[in-house]
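This briefing concerns a predicted model.

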Amino acid sequence: MSRKPIMAGNWKMYKTPAETHAFFEAFKPLVRDAEHCEIIICPPFPNLHAAVEETKGSNITIGAQNLHWGREGAVTGEVSGHMLQAVGCSSVIIAHSERRQYFGETEPDVVRKAQAALEYGLTPIVCVGERLEEREGNRTEAVLGEQFDGGLAPLTPEQFAKLVIAYEPVWAIGTGKTATPEMAADAHRFIRARAAAKFGDALARGVRILYGGSVKPDNVKKLMAEEDIDGALVGGASLDPVTFAAVVKY
């Protein structure tokens, strides 16, 4: 089964609506002919409307960086899948390592958020990955196994079939360190094997697993050459239209 790559940009807490308009004016012509992959940009909440407007009729879709599992309610500061759907999002990042690290998100949160995203027609991009001390302690597979078993295994096969996984070695985010393509591919193979054991070979072969960890124009080609790497979740390099276009067109 051929899996269509996804090149996703996570803007984190950067850009205003005006800067969002300017980005897409420069970015859209650069990737207009990119049919080999899906292109997703995930701006901060205040920029979602501007991003959706800018990308109407283009080959770019818009995702959010987080969501709450409720539809609505007295949950100050949160945003629901219902609202993201209404503004025009088509996907949402769940449990990025920064959400886990700074806001205490847990595997049960992953399950609830993924289910809520799917309920509103959003593709969950579920992040997993190990910290530096876990990598150095030879616990990478143990950590990935715990994250899979806690956050993904409780989903139904129908739900699992609709999500995307992003492997992000936390020690390689914003540090300038990158997992070698071989290290990344090993982790992707482990995740896919875990998926096969739980959901069967067909669903495991179909799920797209993105690599996220200091992806840049100069390393994306080697990463994408690995059979089990189905795209990238790009942080800093997605903020510049020319740089991200080079990543998209690896």
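The side chains of R208 and E38 are joined by a polar contact of 2.9 Å. R208 belongs to strand 7, which spans residues 208-211, and with a relative accessibility of 18% R208 counts as buried. Beyond residues up to four places away in sequence, R208 touches R3, K4, I6, E38, V164, I165 and D230.

**Salt bridges**

- The predicted structure holds 17 salt bridges, one of which pairs K12 with E98, their closest N and O atoms lying 2.8 Å apart.
- Because K12 sits in the loop between strand 1 (6-10) and helix 1 (17-31) while E98 sits in helix 4 (residues 97-103), this pair ties together parts that are 86 residues apart in sequence; E98 is partly exposed at 24% relative accessibility.
- E54 forms a salt bridge with K28, with 3.3 Å between the closest N and O atoms, and since E54 lies in helix 2 (residues 48-55) and K28 in helix 1, the pair ties together parts 26 residues apart in sequence.
- Within that pair, E54 counts as buried at 14% relative accessibility, whereas K28 is partly exposed at 23%.
- E105 and R99 meet through their side chains in a salt bridge of 2.9 Å, N to O, and E105 is buried, with a relative accessible area of 9%.

**Cysteines**

- The count of disulfides is zero: the sulfur of C37 is 14 Å from the closest cysteine sulfur, that of C42, which is too far for a bond.
- C127 is likewise in no disulfide, the nearest cysteine sulfur, in C42, being 9.3 Å away.
- C37 is buried at 5% relative accessible area, and C127 is buried at 0%.

Notes
Residues are numbered from 1 along each chain as its sequence is written. This is a predicted model: local features need pLDDT of at least 70, side-chain atom pairs count only at pLDDT 80 or more; totals for chains, interfaces and linings use all residues. Side-chain values use heavy atoms; hydrogens and water are left out. A disulfide is a pair of cysteine sulfur atoms within 2.5 Å. Buried means under 20% relative accessible area, exposed over 50%, partly exposed in between (1.4 Å probe, protein chains only). Helices (H or I, at least four residues) and strands (E, at least two) are DSSP runs, numbered from the N terminus. A polar contact is a pair of N or O atoms within 3.5 Å; within protein, one must be able to donate a hydrogen and the other to accept it, and residues adjacent in sequence count only if both atoms are side-chain atoms. Contact means heavy atoms within 4.5 Å. A salt bridge is a side-chain nitrogen of Lys or Arg within 4 Å of a carboxyl oxygen of Asp or Glu.
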